[in-house]
2 protein chains.
Amino acid sequence: MEQIKTFELSKDYLESLRQHIEGEDVAFIKSSMEDAIMADIAAILDELDMEEALFVLRALDTAVAADILIELDEDTQYRVIKAMEPSELAILIDQMESDDAVDVLNQLLVKDREEVIGYLEKKEKTLHIMELLRYDDDSAGGLMAKEFIKANQNWTVVQTIEEIRRQAENVDKIYSIYVVDNKEKLMGRVALKKIILAASNTKIADLYDENIVSVPTHMDGEEVAEVMRRYDLEAVPVVNVKNKLVGRITVDDILDLIREQAEEDMQAMTGISDDVEESDSVYRLSKARLPWLLIGMVGGLLGAGFIGFFEEGISAVTALAFFIPLITATGGNVGIQSSTLVVQSLAAKSVFEESLTKRFVKVLVVAVLNGLVLATFVLITVVFFYGQPLKFGLVVAIALFSVVLLASFMGTLTPIVLDKIGINPAMASGPFITTANDLLGLAVYFSVAMLLLKL
Amino acid sequence: MEQIKTFELSKDYLESLRQHIEGEDVAFIKSSMEDAIMADIAAILDELDMEEALFVLRALDTAVAADILIELDEDTQYRVIKAMEPSELAILIDQMESDDAVDVLNQLLVKDREEVIGYLEKKEKTLHIMELLRYDDDSAGGLMAKEFIKANQNWTVVQTIEEIRRQAENVDKIYSIYVVDNKEKLMGRVALKKIILAASNTKIADLYDENIVSVPTHMDGEEVAEVMRRYDLEAVPVVNVKNKLVGRITVDDILDLIREQAEEDMQAMTGISDDVEESDSVYRLSKARLPWLLIGMVGGLLGAGFIGFFEEGISAVTALAFFIPLITATGGNVGIQSSTLVVQSLAAKSVFEESLTKRFVKVLVVAVLNGLVLATFVLITVVFFYGQPLKFGLVVAIALFSVVLLASFMGTLTPIVLDKIGINPAMASGPFITTANDLLGLAVYFSVAMLLLKL
């Protein structure tokens, strides 16, 4: 056994695979991938053309092909699914756990989806899939699988082991047995370890742990992730409004979700409006970046109009123009720092949130501290290094101090307000705050200048 | 069983708890927390004063107190540990799994740490802890625990179940049994499910799956997280250079790590230089934010000096000053977008990375596209809405176009270079790129103006 890779994930292998695909050498494909882990084969397929990837999938056993299809990169998966015949796709879906099957089906148009479902052979699984399709993609219901082991509280250990045996084919990963009453209500769970160690005639009722965490079907996926992280869970049972056990979410699905979420948030904060990757097409990349650039542009143009009002002042004291970037950049930097802290504290909501007043008092104190340091630094530099009059230095320093204060408040308030009205605070915080603070900074700067320099 | 919270996590409970602590009512503390999940009690303790938290921990059974101590917020945990007597802390550490014990010990000074270790009672655990302390915090070795179940490949199922029984107390979560040869080399793993379903005299050698993923002790924690995400693992065995099985990392530790990492990266990108939270002290918050604000300030002051060179030009064409924020903001926005995409693609390294040339060609094409859209938009607005001469409109448009191109390259190149020389690209990318692009933008803007307007 090698470390990490049991399979040669190399450019050489990729080259040789391509040649064997061209030669339609099914035997090579099968034998070279025999001992590989699905995720590694998927990574190879992501590098192939769609036709080549499809050829490989068709060459492999359907159970293996189904596993690989699930692991493919989003784009590759979409193209492969689109290219497959409905009957062919149905054969693979028959081999998947219900949550994976739903992920695949959700990428098809309703019409195509129903055609594929029509070809499914396993009746129980079809019903499960149709149930799961009703839930919102991003909810606990949309994330859960119908494959899990449950035991009635009146069963014995032997009966439970029989159930495990019956379901062993369908349920890939068993962490715990969920315990239900006669009405299918979730009562608790038994760790697999306990089943192994208990005498075979022990009642499940005497074994199970009733202090367990479950989530409702309507809970948002991000919240499910936070619950699993907080309570160190490898799987969490999902219940409906009547506390009936309806599914299970495993941590592997949550890991993907957390990564996607973190990437999306960071992109949103930095003004990328669509979920893109460096490897996406030029068109997608341009499209994801233009909206906020244009909004920033409109902000810049408004700023230009605004500075235009002070044309005479600038003619009189040209040095006013010199410090425009200093003021706008500081406003932007302070604003984005503030909003990042708020966005992160909103993401990890606590029951014991600090009151708004307490929060803003703190923001004020931090801003005053930092503002004083920066303003002093700038006053000294402007007067002693740039040889400007003290009065002018004071204009820049006072404007800067005010900008730090205002930008801190804007940066703190904006995400809180967005969150309250139900908009993802990360999405609009970054670029919005930068642009707004540019304008705010200019207004403060020129107002202070007008007052102090009597322009 | 309630959903999510089996325990009343409320301000009312917190209030009542505080009163009972003051009244030294140990019975109330014990009974009210009896059925609670550790993470919930920890959340309550995070809200208490250190003395109060310590009182609660001392009131509870040591096994419970140990679990809670692990779950505490970093700051609370640190203060509680510092306040405890070495012998008292040792009693709790004796109850922890080795990885948690090491996390706690790592917060002490070497001298205090050794004193606590001297008080430990369980000899095997002490040796484990001392082994783990040798590894770097952030490496697989530092993350792993010594508690896991391993079976020799020559054992039978019955022998393995005996081993599970022997270790059941020590190993909280068993997902798989790791299989080793006589030299302790990792051979593969057996799912617990298989142990339950196999006949008791079956040899482990006939049951185990040899296609498994392991990680070396020196692997970086972030990389371990990526491996576990990619291969959908709930636990991963850790091996030393001789492929000897030395530990196990479970997914719950990785979930915390992923969240911390994502938060740190976002903070780094937005110019917060220390890992802080909104709830931290004013001093810590100020200190974390000042460094990049000061660097931004120096950038702004250099920019002021730079614009100063063009004082005469601005006097002649005051409108030049109007568009300074437009140019610098666009440069900043484009730069941060570019660097975000690169930082994210660096974080999810692929074997099949695109070549540098291919990458830059793509950056160029996207920049040209977006630059053209923005420049056209600005040209029209400046000439038709602001009534500036066409020549002046061209100055702004051409400068803007050039800034988009240059900022794209800067934003792409900087994280790649930082990554190559071993600096976290997220850390220096955000604020550095914004500041550098401000200066770059000004240089381009005034150069174009000098050329075209012959100032």
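Residues are numbered from 1 along each chain as its sequence is written, and chains are lettered from A in the order in which they are written. Because the model is predicted, local features need pLDDT of at least 70 and side-chain atom pairs count only at pLDDT 80 or more, while totals for chains, interfaces and linings use all residues; side-chain values use heavy atoms, leaving out hydrogens and water.

Start with the two copies. The same surface serves both: 100% of the contact residues of chain A recur in chain B.

Now the contact itself. Chain A puts in 137 residues and chain B 138 residues, where contact means heavy atoms within 4.5 Å. The size of an interface is often given as the accessible area lost when the parts come together. Here the buried area is about 12,300 Å², and carbon and sulfur atoms give 66% of that. The area is taken with a 1.4 Å probe and summed over both parts.

B:Arg229 and A:Asp256 form a salt bridge through their side chains, at 2.9 Å from N to O. On chain A, helix H16 (residues 282-308) gives the most to the side that touches chain B, with 18 residues. Helices are DSSP runs of H or I, at least four residues long, and strands are runs of E, at least two, numbered from the N terminus. By class, this side of chain A has 75 nonpolar, 31 polar and 31 charged residues. Asp, Glu, Lys and Arg count as charged; Ala, Val, Leu, Ile, Met, Phe, Trp, Tyr, Cys and Pro as nonpolar; the others, Gly among them, as polar.

Next come the record's regions. An unreviewed UniProt entry places "domain: CBS" at residues 208-264 of chain A. That stretch is 42% helix and 23% strand. Its end C-alpha atoms are 40 Å apart. The unreviewed entry also lists "transmembrane region" spans in chain A, including residues 290-310 and 392-418. Such annotations may be inferred rather than shown by experiment. Residues 290-310 of chain A are 90% helix and 0% strand. Residues 392-418 of chain A are 100% helix, with end C-alpha atoms 38 Å apart.

Terms used
Buried area = accessible area lost by both parts, 1.4 Å probe. Salt bridge = Lys/Arg side-chain N within 4 Å of Asp/Glu carboxyl O.
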